[in-house]
Amino acid sequence: MHLAYASDCRFAGTLGEMTFREIVELHPLAGSDLRDALLRCAEECLVCGASYTACADASLSESDLAVSTGVIRVCLDWADVCEATARIATRQTRPDIRLVRARIEACAAACVACADECDRHAAHPAHCRICAAVCRRCKAACDELLAF
């Protein structure tokens with residue numbers, strides 16, 4: 001069998017139900033309200049990054065690429081920001097709070113920019129409307145963390 005697309009793949013098993021949240025909660029450093037906010041933010045950032053990437057990919061299939069170019073670029077750029085933010089927020093050992101804060105602020109700005117761009121296209125492709133909602137949820141998680 002020749003696999004041309006990832007959708008042709010079948011996996012024999014899974015890695016189980018362990019999530020990165022559970023792994024972080026097993027970290028030897030004591031947990032805190034800040035850790036919970038960091039993990040919520042990291043989770044939202046991961047969902048956001050995947051949503052941005054999926055929205056950009058769906059936009060590539062739209063009939064009017066000239067109109068979709070802006071949303072594609074913004075989604076791909078901001079996916080990188082959100083995914084990097086999630087990685088930084090997940091690290092618990094000796095964090096540089098200035099870096100963490102700057103990254104969370106950048107992510108919040110990315111979410112606003114992406115939501116604004118997706119809102120401009122929300123009337124036609126449903127994926128843009130959904131992506132904009134995901135952006136706002138991630139922005140709320142960033143804002144919650146920045147309030148600490």
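Confidence in this predicted model is lowest in helix H1 (residues 20-25), at a mean pLDDT of 85. It is highest in helix H5 (residues 126-146), at 96. The protein as a whole averages a pLDDT of 86.

**Confidence**
- Of the residues, 88% score at least 70 in pLDDT.
- Residues 1-14 stay under 50.
- For that stretch, the model has four contacts beyond four places in sequence.
- Where pLDDT is low, the predicted coordinates should not be read in detail.

**H4 against H5**
- Helix H4 covers residues 97-121.
- H4 and H5 pack at an angle of about 155°, and their axes are 8 Å apart.
- That angle makes H4 roughly antiparallel to H5, because angles over 145 degrees count as such.
- H4 passes H5 in a left-handed crossing.
- On the H4 side, the contact includes Cys 107, Cys 111, Cys 114 and Cys 118, as well as Ile 104, Ala 108, Val 112 and Ala 115.
- H4 also brings Arg 101, Glu 105, Asp 119 and His 121 to this contact.
- On the H5 side, the contact includes Cys 128, Cys 131, Cys 135, Cys 138 and Cys 142, together with Ala 132, Leu 145 and Leu 146.
- Arg 136, Lys 139 and Asp 143 of H5 take part too.
- By class, the contact of H4 with H5 has 16 nonpolar, one polar and six charged residues.

**H3 against H4**
- Helix H3 covers residues 65-90.
- H3 packs on H4 at about 155°, with the axes 9 Å apart.
- The two helices are therefore roughly antiparallel to each other.
- The crossing of H3 and H4 is left-handed.
- Residues of the H3 and H4 contact divide into 19 nonpolar, three polar and two charged.

**H2 against H5**
- Helix H2 covers residues 33-60.
- The axes of H2 and H5 come within 8 Å, crossing at roughly 160°.
- H2 and H5 are therefore roughly antiparallel to each other.
- Their crossing is left-handed.
- In the contact of H2 with H5, 19 residues are nonpolar, three are polar and four are charged.

**Salt bridges**
- The structure holds eleven salt bridges.

How values were computed: Residues are numbered from 1 along each chain as its sequence is written. This is a predicted model: local features need pLDDT of at least 70, side-chain atom pairs count only at pLDDT 80 or more; totals for chains, interfaces and linings use all residues. Side-chain values use heavy atoms; hydrogens and water are left out. pLDDT is the predictor's confidence in each residue, from 0 to 100. Helices (H or I, at least four residues) and strands (E, at least two) are DSSP runs, numbered from the N terminus. Contact means heavy atoms within 4.5 Å. Axes are lines fitted to C-alpha atoms, for helices over the stretch in contact, and angles run from 0 to 180 degrees between N-to-C directions. Angles under 35 degrees count as roughly parallel, over 145 as roughly antiparallel, 65 to 115 as roughly perpendicular and the rest as oblique. A crossing is left-handed if the near helix is turned anticlockwise from the far one by less than a right angle, and right-handed if clockwise. Ala, Val, Leu, Ile, Met, Phe, Trp, Tyr, Cys and Pro count as nonpolar, Asp, Glu, Lys and Arg as charged, and the others, Gly among them, as polar. A salt bridge is a side-chain nitrogen of Lys or Arg within 4 Å of a carboxyl oxygen of Asp or Glu.
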